[in-house]
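My notes follow, in the order I went.

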Amino acid sequence: MNTRRRSTRILLEPGDVPATRDDFEVVGAFNPGACRVGDEVVMLARVAERPRERRPGFIGLPRWEPAEGLRIDWVPDSDWEPIDPRVVRRKADGVVRLTFTSHLRVVLCGRSGRTARTVLDVTFRPEGEAEEYGVEDPRITPIAGRFYVTYVAVSRHGPATALASTADFRSFERHGIVFCPENKDVVLFPEQVAGSFAALHRPVCGTPFTRPEMWVARSPDLIHWGGHAPLDLSGGDWQAGRVGAGAPPIRVEGGWLEIYHGNRRPVRPGEVGAYCGGAALLDLDDPTRVIRRTAWPFFEPEAEFEVLGFVPEVVFPTGVVRDDDRLLVYYGAADTCSAVAEFSLEELLWAMVAPG
């Protein structure tokens, strides 16, 4: 059985959200966490912004200073080289910086979850040295009446994963770094699994003993993590560059449904490589065991706004909301905008096969 999109809709574009300051421009409103809160779907979208000013011979690199807020480091462009649209590298020592910074913004999407109804004046901004280059790619998991948000905290120490929580999406409590650099794409299971909390995470192996991998971790309290074990989802050129969790897992008949992302290796300098979505059904008691999976990406860049943008050819799933027999998959498109694609849950489950 084929898995086809039932609908696709843009929810949020860069022009829909204001920049932090007048001398900055928003270049992306993407990679949104999403969940149902009462009778409303709420998104927490990543807002990427960069300096408007261009100074001949210099590059403006933004960062957050605890005492000053958002500031710009103007560095000689002769000392740096571009890697891709997002990153520059210092020639002297190979250290990289982002050309933009990100914060998070709360967006209400109504009962149907298919329309961005209101962009609230509620922001989650970087705080402290561990977030000086920005906060990115939130995932939201409801657990025991509270909403837990895992997000990437980027700094001079590398990309780590931090945890925050909220009861109302008007105020947030920070719980600090829970996975040290480099580790991204951390998603929490919505209930305890065999007596402990569980998460999928993506440690980066600096020495290439392995292809990219996801791992499963366990915790007694959502703060302290251990019991790490790899999750075997290898195979396919479409996930040879990177692979990581997408939306937090949801319980379905027969297991945990995880919608994740894969990335093709770039073939040209300056290229990032296409991002696509795959799906796996994990054992309810032992989520390191893959019961079935899609043999190919069921979700690929197709629409013009997915193929063209700040980073072309990207669909990056970051949230899923079940609507009866449909799945609403919230995702970032081309690192530029937020969108929702609708799939049949039955079709997706039937499209999965036992791992080879």
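Before anything else, a reminder to myself that this is a predicted model.

**Entry: a hairpin with D323**

I started at D323, which stands opposite R326 in strand 25. Strand 24 and strand 25 (residues 326-333) are antiparallel partners, and I noted eight bridges between them. Two residues sit between the strands of this hairpin, and D324 has a positive phi near 55°. I then checked how covered strand 24 (residues 315-323) is: seven of its nine residues are buried, so I wrote it down as mostly covered.

Next I went to strand 2 and strand 3 (residues 40-51), which pair in the antiparallel sense over eleven bridges. Is strand 2 enclosed or open? Eleven of its 14 residues are buried, so I put strand 2 down as largely enclosed by the rest of the structure.

I looked for an open sheet and found one of three strands, in the order 6-7-8, with antiparallel pairing. Strand 6 (80-84) and strand 8 (96-98) are the edge strands, each pairing on one side only. Ignoring direction, neighbouring strands of this sheet are turned against each other by 35° on average. Strand 6 and strand 7 (residues 87-90) share four bridges in the antiparallel sense. For P82, I found V88 in strand 7 as the bridge partner.

**Entry: P14**

Where does P14 sit? I found it in the loop between strand 1 (7-12) and strand 2 (24-37). P14 counts as buried because its relative accessibility is 17%, and the cut-off for buried is under 20%. Leaving out residues up to four places away in sequence, I listed V26, V27, G28, A29 and T336 as what P14 touches. I also looked up P14 against A130: they are 116 residues apart along the chain, and their C-alpha atoms are separated by 26 Å.

**Entry: the cavity**

How many cavities of 30 Å³ or more does the structure hold? I got one. The largest cavity has about 30 Å³ of space in it. Its lining is D137, R139, T150, Y151, V152, T161, K184, D185 and V186. I sorted that lining by class and got three nonpolar, two polar and four charged residues. Which strands each supply at least two residues of the lining? My list reads strand 11 (134-143), strand 12 (146-155) and strand 15 (183-188).

**Entry: K184, from the cavity lining**

I took K184 from the lining of the largest cavity and placed it in strand 15. K184 is buried, with a relative accessible area of 17%. Setting aside neighbours within four places in sequence, I found K184 in contact with V152, P159, T161, H201 and R202. Of these contacts, V152 and T161 also turn up in the cavity lining.

Methods: Residues numbered from 1 in each chain as written. Predicted model: local features only at pLDDT ≥ 70, side-chain atom pairs only at ≥ 80, totals over all residues. Heavy atoms only, no water. 1 Å grid on protein atoms, 1.4 Å probe; cavity = no way out; pocket = protein on both sides within 12 Å on 5 of 7 lines; lining within 4 Å. Points joined across faces, edges and corners; volume = space filled by probe spheres on them. Nonpolar A, V, L, I, M, F, W, Y, C, P; charged D, E, K, R; others polar. Buried < 20%, exposed > 50% of the residue type's maximum accessible area, 1.4 Å probe, protein only. Pairing = 2+ DSSP bridges. Axes fitted to C-alpha atoms, helices over the stretch in contact; angles between N-to-C directions. Contact = heavy atoms within 4.5 Å.
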